[in-house]
Each structure stands twice: as structure tokens, then as C-alpha cells.
Amino acid sequence: MYQAKTFQIEALEGLSEKQIEEHLKLYNGYVKNVNTLLERLTEDQQQSDKMGVEISELTRRMGFEFNGMRLHEYYFSQFEKSAGEKDALKKKLVEQFGSFEDWQDAFNAVAKMRGIGWVLLVEDEINGHCFNVWVSDHELGHLAGQKVLFAMDVWEHAFTVDYAPTERGKYIEAFWKNITWQKAEDRYQA
Ligand SMILES: [Fe+2]
């Protein structure tokens with residue numbers, strides 16, 4: 001069973017306390033649903049005659065709920081403070097994209113795609129190549145065998161307490177003002 005995490009998030013610039021509070025409520029819902037699914041599926045999947053329409057659909061649902069939980073954990077923890085001056089990931093991105101800013105532009109371009117979902121910076125565990133990946137909802141479009149290094153939520157619920165649905169660009173600017181890059185560096189080296 002999974003426990004909802006708590007995050008030490010201080011006052012943010014351009015993202016209100018109310019926005020974060022509402023968003024955390026949604027996160028808690030994903031954790032709750034992961035546990036509900038685990039309970040149902042652990043029991044029912046052991047009996048193949050139970051794999052009818054209902055249990056099959058609950059099985060499919062796990063990707064949405066589990067990734068909804070885990071991606072939000074990456075996301076909210078990036079607003080926490082963290083000491084450290086590692087820069088191995090930055091160096092890797094410079095090597096691959098030309099400069100950190102060029103990588104960031106590419107990442108933001110993906111984040112501005114129409115639709116709801118996530119933009120993730122991931123690392124291929126086989127050869128270390130980094131990708132900016134668009135994930136629809138929480139589960140569609142992940143590349144197999146990739147480690148998530150950095151995550152930006154671009155569902156409208158991530159910003160519509162503070163911004164209009166057409167103001168995703170302003171949200172993206174606010175997001176960057178508040179994140180702790182060391183969190184991504186820590187994941188890269190972990
Ligand atoms: Fe979200």
C-alpha cells in the first residue's frame with residue numbers, strides 16, 4: 001500500500017497557496033485510488049474467471065492512477081528546497097542540446113503542446129540519451145526503460161486556480177521561477 005507524501009513547499013512566486021493546496025488534493029486522490037486498485041486486483045487477478053469486463057478495465061486503470069501518483073511526487077518535490085551544487089545533468093544537457101537554455105526551450109515547446117498531460121525529461125537507462133517526452137494524461141507516451149529526471153505538469157488543474165486556461169505560458173514561467181534544479185541533478189546521479 002502507498003502513503004501520500006507530504007511536501008515542504010514554502011510560498012511560491014506566481015503560484016498561490018490555494019493552487020498548490022487544490023493540486024495536492026488531486027494528488028491524494030491518486031494515492032487513494034492506487035490503493036483501492038491494488039486491493040481489488042491482487043485478489044481478483046488470481047482467478048482468471050474473474051477477468052471479465054470490470055476487472056480488465058480496472059487493470060487498465062492502474063497506469064493512470066499509479067503514474068498520476070508518482071508523477072505528482074516528482075513534480076511537488078521539485079518545489080522543495082535542496083542544498084547541493086551538482087551539475088552533471090546540466091553538463092549532459094549542454095552536450096546534447098548545445099546549451100542549457102536550448103534544452104529548456106525545447107522542453108518548454110513540448111510543454112506548450114495542446115492537450116493535457118506532462119512533459120518529462122527522461123534518461124535512457126541503456127545508453128544515457130536524454131529525451132523530452134510528452135505524456136498524455138499520466139500514462140500515454142512513456143518510453144520504456146527511461147528514468148524520470150524532471151517533470152512538469154501541464155494539466156489545466158495545475159494552473160487554473162491562478163491563470164486562465166489560455167495562459168499556460170504564464171504558468172510555465174512561474175513554474176521555472178520556483179523549481180529547485182538540484183532535485184533533477186539528484187535523480188540523475190542516484
Ligand atoms: Fe496535476
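These legends accompany close-up views of a predicted model.

**View 1. Domain 1 and domain 2 of the predicted model****.** The domain assignment of the protein places domain 1 at residues 17–77 and domain 2 at residues 88–189. Taken over C-alpha atoms, the centres of domain 1 and domain 2 are 22 Å apart.

**View 2. Where domain 1 touches domain 2****.** Here you can follow 13 residues of domain 1 in contact with 13 residues of domain 2. On the side of domain 1 that touches domain 2, helix 1 (17–44) and helix 2 (53–77) each contribute at least two residues. Which helix gives the largest share of that side? Helix 2 does, with eight residues. Sorted by class, the side of domain 1 that touches domain 2 holds five nonpolar, six polar and two charged residues.

**View 3. Helix 3 packing with helix 4****.** Have a look at how helix 3 (residues 88–97) and helix 4 (residues 100–111) pack: their axes lie 7 Å apart, at an angle of about 80°. Helix 3 is therefore roughly perpendicular to helix 4, since angles of 65 to 115 degrees count as such.

**View 4. The residues where helix 3 meets helix 4****.** From helix 3 come Lys 90, Leu 93, Val 94 and Phe 97. Helix 4 meets them with Phe 100, Asp 102, Trp 103 and Ala 106. What classes do the residues of this contact fall into? Six are nonpolar, none is polar and two are charged.

How values were computed: Residues numbered from 1 in each chain as written. Predicted model: local features only at pLDDT ≥ 70, side-chain atom pairs only at ≥ 80, totals over all residues. Domains from an automatic or database assignment. Contact = placed C-beta atoms within 7 Å. Helix = DSSP H or I, 4+ residues; strand = E, 2+ residues; numbered from the N terminus. Nonpolar A, V, L, I, M, F, W, Y, C, P; charged D, E, K, R; others polar. Axes fitted to C-alpha atoms, helices over the stretch in contact; angles between N-to-C directions. Parallel < 35°, antiparallel > 145°, perpendicular 65-115°, else oblique.
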